[in-house]
Amino acid sequence: MTGRIQKQYGSYLTYIAEWTATPNIAGNYSTVTVNLFLKHKAISLSAKTISCTVNGTKKSASTPQLSQSSTSYYTTSKLASFSFTVNHAADGTMSCAISSSWDCGITYSGVYYGTMSLSGTITGDDIPRASTISSLTSSVEVNGTNSVAVTVKRAVSSYTHTVKFSIGHYSKT
């Protein structure tokens, strides 16, 4: 699953977060990669501190120096990339907060921006969870009147199950 969050600053600056959530089915988590960008025209800016927080985990980095002299076209400059591990809920769903802050300290078109920030929500692909049989009557005389007890450990409380027994050509649901 992928997504994009952006925030406009003035007429010529856009702060952008693009994310990708790659699920790990066996582990019931996703690896979330966040790339941060600035869309701009002419700019000259030294390296600055940038941070990104996903699901409560904060990481920081230093941006590259930005330099572009043309005022006639936009450029999108990559500021930083971060990777996070986000656990899914027991039912396989994943949704978490994302925020980013950049101490850019830039004056652009006569307006000073000390910090640029954005926030939103990341939603990952659902990871299917499987229920398991946790206990089963170990032996039963097959005479047509006995019952078999089966206990199913549900992966999700709202799941319903149908159990089918087959013995030779005979089956019972």
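1. A disulfide is taken here as a pair of cysteine sulfur atoms within 2.5 Å. By that criterion the structure holds zero disulfides. The sulfur of C52 has its closest cysteine sulfur in C96, 9.8 Å away, which is too far for a bond. The sulfur of C96 likewise has C52 as its closest cysteine partner, at 9.8 Å. C52 has 0% relative accessibility and so counts as buried (under 20% relative accessible area; exposed is over 50%, partly exposed in between, with a 1.4 Å probe and protein chains only). C96 is buried as well, with a relative accessible area of 5%.

2. The model is predicted, with local features requiring pLDDT of at least 70 and side-chain atom pairs counted only at pLDDT 80 or more, while totals for chains, interfaces and linings use all residues. Residues are numbered from 1 along each chain as its sequence is written, and side-chain values use heavy atoms, with hydrogens and water left out.

3. The protein has 16 strands and zero helices. Both element types are DSSP runs numbered from the N terminus: helices are H or I over at least four residues, strands are E over at least two. Of the 173 residues, 30% count as buried. Among contacts with a separation of 6 or more, 55% come from residues 24 or more positions apart; contact means heavy atoms within 4.5 Å.

4. Two strands are said to pair if DSSP finds at least two bridges between them.

5. With β6, β5 pairs in the antiparallel sense over six bridges, and I50 stands opposite A61 in β6. β5 and β6 form a hairpin with two residues between them, and N55 in the turn has a positive phi of about 55°. With β9 (residues 95-102), β5 (residues 49-54) pairs in the antiparallel sense over five bridges. The bridge partner of T53 in β9 is S99.

6. Which residues touch the most other members of the largest nonpolar core? They are Y15, V32, V34, L36, V54, W102 and M116, in a core of 33 residues. A nonpolar core is a set of buried Ala, Val, Leu, Ile, Met, Phe, Trp, Tyr and Cys residues joined through side-chain atoms within 4.5 Å. Neighbours within four places in sequence aside, V34 is in contact with A17, E18, W19, C52, V54, A80, S81, F82, F84 and I98.

7. N35 is found in strand β3 (residues 29-40), and its side chain makes a polar contact with the side chain of S81 at 2.8 Å. A polar contact is a pair of N or O atoms within 3.5 Å; within protein, one must be able to donate a hydrogen and the other to accept it, and residues adjacent in sequence count only if both atoms are side-chain atoms. Leaving out neighbours within four places in sequence, the contacts of N35 are I16, A17, E18, K78, A80 and S81.

8. S30 also lies in strand β3. S30 is buried, with a relative accessible area of 1%. The side chains of S30 and H88 are joined by a polar contact of 2.7 Å. With neighbours within four places in sequence set aside, S30 is in contact with residues including A21, T22, P23, N24, F84 and M94.

9. G92 is in the loop between β8 (75-87) and β9. With 0% relative accessibility, G92 counts as buried. The C-alpha atoms of G92 and N28 are separated by 6.5 Å, although these residues are 64 residues apart along the chain. Not counting residues up to four places away in sequence, G92 touches N28, D125, D126, I127 and R129.
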